[in-house]
Amino acid sequence: MKIGLYPGSFDPLTNGHLDIISRSSSLCDKLIIAVAKNTSKNPLFSISKRIDLINEVLISNKIDNKLVYAQSFDNLLIDFAKINSVSIIIRGLRVVSDFDYEFQMAGMNKRLNPDIETVFLMASETNQFIASRFVKEVASLGGDVSSFVPDNVNNEIIKKFNLIK
Ligand code: ADP
């Protein structure tokens, strides 16, 4: 069984993440969406909220939650991967600026565990510019982010920032 791991902060899940999830789920038999607990980014949503939002989206997209599911982690990614018998780590690549960081991280992880391969999926054309960071920034200034995130995430953002629908 080929187990894939898609790690990130998912604070919050965007349409870009969702696209990578649906495309990568066909590359492996089981996909774990690994949600980082220890994010240095001072998250907008708690770990349990981020996981609930992902699971709701998986259900509404009729994705089998035995084969694709979200789980939190706060240890070293490569250790979490090994414990879960993961053979591929999946990352999304947007613009050139993602490349440096991703290249270094994939290299470090390969040295730490040569059996685990990192696979990169290019962001779809329509999602190239979507980033959780910008979604939060736009929303915090009262902007409409409904075209960047799934509906349930948009509703939570509206609540969080007391925005009017
Ligand atoms: P990180 O905090 O590591 O950037 P994120 O939650 O922001 O984690 O993203 C997790 C993964 O999803 C990363 O590989 C990132 O490049 C990818 N990703 C984020 N947004 C998009 C997008 N719009 N299209 C494709 N991949 C994306």
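Visitor: Where is N127 found?

Guide: N127 is in the loop between β5 (117-122) and α5. Keep in mind as we go that this is a predicted model.

Visitor: And is N127 buried or exposed?

Guide: Buried: N127 has a relative accessible area of 10%, and the cut-off for buried is under 20%.

Visitor: What is N127 in contact with, leaving aside its neighbours within four places in sequence?

Guide: With those neighbours set aside, N127 is in contact with N15, G16 and D19.

Visitor: OK, zooming out. How many helices and strands are there in the protein chain?

Guide: The protein chain has six helices and five strands. Reading from the N terminus, the order is β-α-β-α-β-α-β-α-β-α-α.

Visitor: What share of the residues of the protein chain count as buried?

Guide: Of the 165 residues, 46% count as buried. As for the accessible surface, it comes to about 9300 Å², and 54% of that belongs to carbon and sulfur atoms.

Visitor: What about contacts between residues at least 6 apart in sequence, what percentage join residues at least 24 apart?

Guide: That's 73% of those contacts in the protein chain.

Visitor: And the charges, how far apart are the mean positions of the positive and negative ones?

Guide: They are 3 Å apart, counting 19 positive and 18 negative charges.

Visitor: Let's go inside. Which residues have the most contacts inside the largest nonpolar core?

Guide: I21, I33, I54 and I90, in a core of 30 residues. The elements giving two or more residues to this core are α1 (15-25), β2 (30-36), α2 (47-60), β3 (68-73), β4 (88-93), α5 (132-140) and α6 (151-160).

Visitor: Which element gives the largest share of this core?

Guide: That would be α2, with five residues.

Visitor: Pick I33, then. What is I33 in contact with, leaving aside its neighbours within four places in sequence?

Guide: I33 is in contact with Y6, F10, I21, I54, L58, V68, Y69, A70 and Q71. Apart from the core we were discussing lies another one, of 13 residues, and I3, I78, F80 and V86 are among them.

Visitor: Now for the backbone. Which peptide bond is cis?

Guide: The bond from D11 to P12 is cis, and its omega is near 0°. P12 lies in the loop between β1 (3-8) and α1.

Visitor: What about phi of K62?

Guide: K62 isn't a glycine, yet it has a positive phi of about 55°. You'll find K62 in the loop between α2 and β3, and K62 counts as exposed at 77% relative accessibility.

Visitor: And what is phi of S85 near?

Guide: Near 55°, a positive value, again in a residue other than glycine. S85 sits in the loop between α3 (77-83) and β4, and S85 is exposed, with a relative accessible area of 52%.

Visitor: Last one. Where does G142 lie?

Guide: G142 is in the loop between α5 and α6. At 48% relative accessibility, G142 counts as partly exposed. The C-alpha atoms of G142 and V35 are separated by 27 Å, and these two residues are 107 residues apart along the chain.

Technical notes. Residues are numbered from 1 along each chain as its sequence is written. This is a predicted model: local features need pLDDT of at least 70, side-chain atom pairs count only at pLDDT 80 or more; totals for chains, interfaces and linings use all residues. Side-chain values use heavy atoms; hydrogens and water are left out. Helices (H or I, at least four residues) and strands (E, at least two) are DSSP runs, numbered from the N terminus. Buried means under 20% relative accessible area, exposed over 50%, partly exposed in between (1.4 Å probe, protein chains only). Contact means heavy atoms within 4.5 Å. Accessible areas come from the Shrake-Rupley method with a 1.4 Å probe; for residues, only the protein chains shown count as cover. Lys and Arg count as positive and Asp and Glu as negative; His and the chain ends are not counted. The place of a charge is taken as NZ of Lys, CZ of Arg, CG of Asp or CD of Glu. A nonpolar core is a set of buried Ala, Val, Leu, Ile, Met, Phe, Trp, Tyr and Cys residues joined through side-chain atoms within 4.5 Å.
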